[in-house]
Amino acid sequence: MTIGVKKVARPEQMSFGESLYLLEIMKGLAVTMGHFLHNIAHNKEIPTIEYPEVRRTMPARFRGCHRLMKRPDGSPRCVACYMCATACPAKCITIVAGESPDPAVEKYPVRFDIDMLRCVFCGQCVEACPCDAIRMDTGWHTPPEDTREKLIYMIDKLLEK
Amino acid sequence: MNPLFDIAVAVARVAVFFAFVFGLVVVMTWVERKGAAYIQDRRGPNRARILGLTLGGVFHPLADALKFLFKEDFIPDGAHRLFYQLAPMFALAPAIMTMAVVPFGPPVTIAGKTIALQIADLNVGILYLFAVSGMAVYGVVLAGWSSNSKYPLLGGLRSSAQMISYEVSMGLSVMGILMVFQSVRLSEIALGQGELLYGILPKWGVFVQPLGFVLFLTALYAEANRTPFDLPEGESELVAGYHLEYASFKFSMFMMAEYIHMVVGAAVVSTLFFGGWQFPYLADKGFAFPGGISVAVPAAAVLILRIGSFVGKTLFFCWLYVWVRWTVPRFRYDQVMRLGWKVMLPLSLLNIFVTGLVLLFIDKGGF
């Protein structure tokens with residue numbers, strides 16, 4: 001048998017009591033009243049999460065919105081190597097590299113845009129990054145916006161998270 | 001006595017019953033949503049707040065009313081402008097008119113005058129009720145047709161067929177009650193249910209007409225377009241049914257009509273089948289239990305107990321609507337029609353026949 005398939009006994013013929021229908025409605029009413037009374041008495045046990053005030057704790061490996069990491073001096077850790085943009089199956093990362101003012105670092109991202117409308121949240125960019133500069137551990141879903149432009153996240157927004 | 005007193009009494013009766021029914025309508029919208037939520041293991045409305053208090057979402061009806069008031073009141077381009085605007089009135093007016101004949105208490109004597117606690121004690125009572133509530137179908141059909149849109153039209157067609165079919169068994173299922181109590185006046189039916197059956201049971205309609213009660217309740221749900229007979233609205237196939245093209249206060253008039261139907265229907269069921277304002281074993285002077293024990297109760301307390309008993313029964317049947325709605329799934333359309341014509345109609349005819357036989361041969365002169 002296929003996994004997850006539950007076999008329910010469904011008799012071909014309804015018994016006399018079942019065919020009257022009224023008795024079965026009474027049983028159904030008893031079930032719903034049971035839920036009703038239980039939920040009134042144990043109000044705290046209702047599984048609803050009151051979303052904006054209370055948030056579900058995300059599992060440790062949940063892939064949420066991206067963030068860019070910083071060095072101790074506050075500059076982005078990213079070296080604009082294009083590994084993430086290359087790995088991205090949705091082609092949603094746009095990087096423009098510039099020469100870094102720091103002599104120890106070769107390049108830095110002048111632009112680093114992620115189009116959240118195209119992102120498929122696969123996590124390939126995080127896997128590809130050689131410097132651990134991009135992470136998806138914010139625990140956030142993409143929040144809704146009213147224009148498409150607002151959903152293309154620029155480097156400032158990615159760094160501040 | 002002076003005519004001013006009569007006018008004052010008439011106005012007071014209308015005001016009290018209006019306030020009761022409309023207050024209950026407002027409360028029912030909240031009860032429906034909160035009850036649905038608790039039955040389905042949800043929390044339900046709890047966001048609208050005044051001064052930081054939510055009180056379990058009781059402010060939501062107020063928020064709804066405000067929202068309906070301030071929404072744009074549009075008329076679709078292709079709609080028939082006159083009938084489109086008439087339809088909500090046709091839906092609401094009969095619903096309000098039906099409440100006139102329900103007695104909410106025994107007649108009281110004030111300043112030497114006997115006052116019936118009922119807006120109008122019509123001698124045609126229940127016939128008026130059926131005649132007026134039958135008009136409600138015009139609102140639905142007009143709304144469905146005049147919107148010039150396919151889903152409302154289908155919803156209107158369905159509900160007209162459904163409401164007319166169930167009207168038949170609804171009328172026939174009450175016939176037994178009329179035969180037993182020998183009257184169509186709701187006040188006399190309520191009064192007749194104060195007697196005892198074999199000295200033990202109160203002579204309530206549900207005990208002398210159990211089949212009639214089940215049939216009437218089922219037909220009432222179909223008449224009020226409530227689940228399991230809410231096919232006119234069938235969200236899954238008709239979006240919202242006959243009031244799909246309505247917004248703002250016109251839509252809320254349809255909603256109000258539905259809830260007033262519910263409340264008045266609950267009041268009528270409790271009057272016809274559960275003794276109306278009769279409190280079990282409570283006579284004019286006090287309690288008289290079957291064992292010969294009697295407890296004296298002051299007249300004012302008797303009156304309060306009786307009105308309270310009517311209100312309590314009405315509240316229970318209002319809750320039953322909500323309870324059934326979140327228990328029984330919607331029927332398929334052909335099942336509704338089959339139930340109406342092939343089950344309800346023969347059963348209600350059988351009920352009349354058996355009641356007639358019992359009255360004729362076993363219990364002459366009405367139990």
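Reader: How many helices and strands are there in chain A?
Author: Keep in mind that this is a predicted model. Reading from the N terminus, the elements of chain A go α-α-β-α-β-β-α-β-β-α. Tally them up and chain A has five helices and five strands.

Reader: Which strands form the open sheet in chain A, and in what order?
Author: The pairing in this sheet is antiparallel. Its edge strands, each pairing on one side only, are β2 (93-99) and β5 (152-153) of chain A. That gives the order β2-β3-β5 (chain A).

Reader: How many bridges join β2(A) to strand β3 of chain A?
Author: These two strands run antiparallel, with β3 covering residues 107-115 of chain A. For one spot to look at, A97(A) stands opposite P109(A) in β3(A). The bridges joining β2(A) to β3 of chain A number seven.

Reader: What is the radius of gyration of chain A, next to that of a compact globule of 161 residues?
Author: The C-alpha atoms of chain A fill a box of roughly 90 × 40 × 30 Å along the principal axes. A compact globule of 161 residues would come out near 15 Å, but chain A has 27 Å.

Reader: What distance separates the centres of domain 1 and domain 2 of chain A?
Author: The domain assignment gives domain 1 as 16-48 and domain 2 as 67-159 in chain A. Taken over C-alpha atoms, their centres are separated by 52 Å.

Reader: Which helix of chain B gives the largest share of the side that touches chain A?
Author: In all, 11 residues of chain B are in contact with 13 residues of chain A. On chain B's side, six are nonpolar, two polar and three charged. The largest share, three residues, comes from helix α1 (residues 3-39) of chain B.

Note on methods
Residues are numbered from 1 along each chain as its sequence is written. Chains are lettered from A and ligands numbered from 1 in the order in which they are written. This is a predicted model: local features need pLDDT of at least 70, side-chain atom pairs count only at pLDDT 80 or more; totals for chains, interfaces and linings use all residues. Two residues are in contact if their C-beta atoms, placed from the backbone, lie within 7 Å. Helices (H or I, at least four residues) and strands (E, at least two) are DSSP runs, numbered from the N terminus. Ala, Val, Leu, Ile, Met, Phe, Trp, Tyr, Cys and Pro count as nonpolar, Asp, Glu, Lys and Arg as charged, and the others, Gly among them, as polar. Two strands pair if DSSP finds at least two bridges between them. Domain bounds come from an automatic or database domain assignment. The radius of gyration is taken over C-alpha atoms; the globule rule is 2.2 Å times the number of residues to the power 0.38.
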